[in-house]
Amino acid sequence: MDFYSIIRERRSLLGLTQQDLADYTGLSLRIIKSIEVGKGNPSMSTLTKIAEVLGLELILKVKEVNR
């Protein structure tokens, strides 16, 4: 599952509109919409704001490299 799907589903589960999420994060509605459809390229700062409001945790993980 992609991060934008997780954001969209979590927002919906919490009963928040896209406008609610924009208001709570201080981001524009346009940014929220573009992220949720997978067209946005959000910064870590933007993702952190969204994750905090939605009760999510961002985890960076090093991928295994097959040699």
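Helix α4 is followed by G55, whose phi is positive, near 70°. Helices here are DSSP runs of H or I with at least four residues, numbered from the N terminus. The structure is a predicted model, in which local features need pLDDT of at least 70 and side-chain atom pairs count only at pLDDT 80 or more, whereas totals for chains, interfaces and linings use all residues. Residues are numbered from 1 along each chain as its sequence is written, and side-chain values use heavy atoms, with hydrogens and water left out.

An α-helix has 3.6 residues a turn, so residues three or four places apart point the same way.

Two packed helices are described by the angle between their axes and the distance between the axes. For α1 (residues 3-13) and α4 (residues 44-54), the axes come within 10 Å and cross at roughly 35°. Axes are lines fitted to C-alpha atoms, for helices over the stretch in contact, and angles run from 0 to 180 degrees between N-to-C directions. The crossing of α1 and α4 is left-handed, that is, the near helix is turned anticlockwise from the far one by less than a right angle. On the α1 side, F3, I7, R10 and R11 take part, and they meet L47, I50 and L54 of α4.

R11 belongs to helix α1 and counts as buried because its relative accessibility is 11%. Its side chain makes a polar contact with the side chain of E36, at 2.6 Å. A polar contact is a pair of N or O atoms within 3.5 Å; within protein, one must be able to donate a hydrogen and the other to accept it, and residues adjacent in sequence count only if both atoms are side-chain atoms. Leaving aside neighbours within four places in sequence, R11 is in contact with L16, T17, Q18, L21, E36 and L54.

E36 is also one of the buried residues of helix α3 (residues 29-36), together with I32 and I35. They are on the same side of α3, because they cover an arc of only 95° around the axis. The buried residues of α3 pack against α1, α2 (18-25) and α4. After α3 comes G38, with a positive phi near 80°.

Note on methods
Helix = DSSP H or I, 4+ residues; strand = E, 2+ residues; numbered from the N terminus. Contact = heavy atoms within 4.5 Å. Buried < 20%, exposed > 50% of the residue type's maximum accessible area, 1.4 Å probe, protein only. Arc of directions from axis to C-beta.
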